Amino acid sequence: MNHIPERSQFESRLPDEQAYWDKLAARVSDSAEPILRERRDADAWWQPLAKWSPAIGVAAAAAALLVVLTGPPAQAQPAQVSFEELLSPDDPVSRALVGAAEIADLSTMLLVESGGEQ
Amino acid sequence: MKLDNATDLELVALARRGSRDAFGTLVSRYLRPALAVAWEYAPTRDDAEDLVQDAFHRALRSLDRFDETRPFRPWFFTILRNVARNEAVRHSRWTSVAVPDDLPASEGDPEHEAHRTGLREGIKQGLDMLPPMQQTCFRLCDIEGFDGPEVAEMLGLSAATVRTHRHRARATLRDALRRLNEQKEA
């Protein structure tokens with residue numbers, strides 16, 4: 001579209017002189033300067049960050065590596081604690097489970113919880 | 001980067017960040033067709049220039065909403081037409097079509113000049129008879145020299161629609177010129 005179309009047999013009403021177009025283009029651009037300045041200002045705040053972005057990236061990677069290398073050693077997996085050790089000795093359910101000669105069934109435990117001790 | 005060779009999208013990206021040179025290159029690239037379209041809405045060249053300036057400013061403000069996967073040209077011309085329509089509504093005196101009255105007289109032999117004057121008169125009369133969109137398509141294609149697909153984008157029409165308007169306009173103008181010749185011969 002940046003070409004000047006060929007003239008037809010009729011006469012165009014658009015001006016021919018390049019000076020006219022240059023002047024009009026300058027007028028449009030000049031009057032757009034406040035909008036352009038706003039755009040430049042909006043763009044400016046992150047420019048310093050962008051300028052230092054490689055250094056910031058390297059520093060962040062180094063810090064992450066440091067944390068990985070100097071951080072606390074991975075905790076050993078706690079030994080499996082037996083179910084009985086977790087139960088309080090005073091707990092009636094615990095007593096029913098651990099102290100019974102035979103494995104208590106579910107109904108027994110429910111009775112214990114509701115106050116009906118064996 | 002040499003901006004004259006930059007694509008529209010490259011220029012848009014730079015203009016978004018406030019590059020005056022990139023914006024100026026976009027303006028220069030589309031100024032002529034923009035004025036041609038604006039003049040279809042505005043009665044005078046001064047009014048058309050104001051429309052063009054307003055449209056470029058609105059486009060610049062709206063660049064953040066521009067979809068970079070789509071071409072710039074139709075997007076810009078949509079803005080221009082909207083600006084022009086709004087102004088046309090505001091100024092009810094505006095007509096959609098203005099026939100050039102200030103065609104420069106050419107120097108030459110009187111017979112040729114008379115023929116040119118007659119032709120101009122015939123075209124003028126014929127243009128007056130055309131519906132606005134036919135006038136516009138005819139003027140942009142046949143007088144200003146833009147090609148059909150280009151005009152379709154400028155006006156937001158399909159290429160086939162522009163072709164149809166143009167064809168009908170030419171037929172009407174041909175009849176008008178024929179009548180003019182018959183009147184002269186009679």
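The model is predicted: local features need pLDDT of at least 70 and side-chain atom pairs pLDDT 80 or more, whereas totals for chains, interfaces and linings use all residues. Residues are numbered from 1 along each chain as its sequence is written, and chains are lettered from A in the order in which they are written.

B:P132 is found in helix α6 (residues 132–143) of chain B.

Next, display both chains. Here 26 residues of chain A are in contact with 33 residues of chain B (contact: C-beta atoms, placed from the backbone, within 7 Å). On the chain A side, α1 (18–31) and α2 (33–44) each give two or more residues, and α1(A) gives the most, with 7 residues.

Now select α1(A) together with helix α3 (residues 45–61) of chain B; their axes come within 10 Å and cross at roughly 45 degrees. α1(A) is therefore oblique to α3(B) (under 35 degrees counts as roughly parallel, over 145 as roughly antiparallel, 65 to 115 as roughly perpendicular and the rest as oblique).

Finally, show the side chains of A:L24, A:R27, A:V28 and A:S31 in α1(A), which meet B:E49, B:V52, B:Q53 and B:F56 in α3(B).

Methods:
Two residues are in contact if their C-beta atoms, placed from the backbone, lie within 7 Å. Helices (H or I, at least four residues) and strands (E, at least two) are DSSP runs, numbered from the N terminus. Axes are lines fitted to C-alpha atoms, for helices over the stretch in contact, and angles run from 0 to 180 degrees between N-to-C directions.
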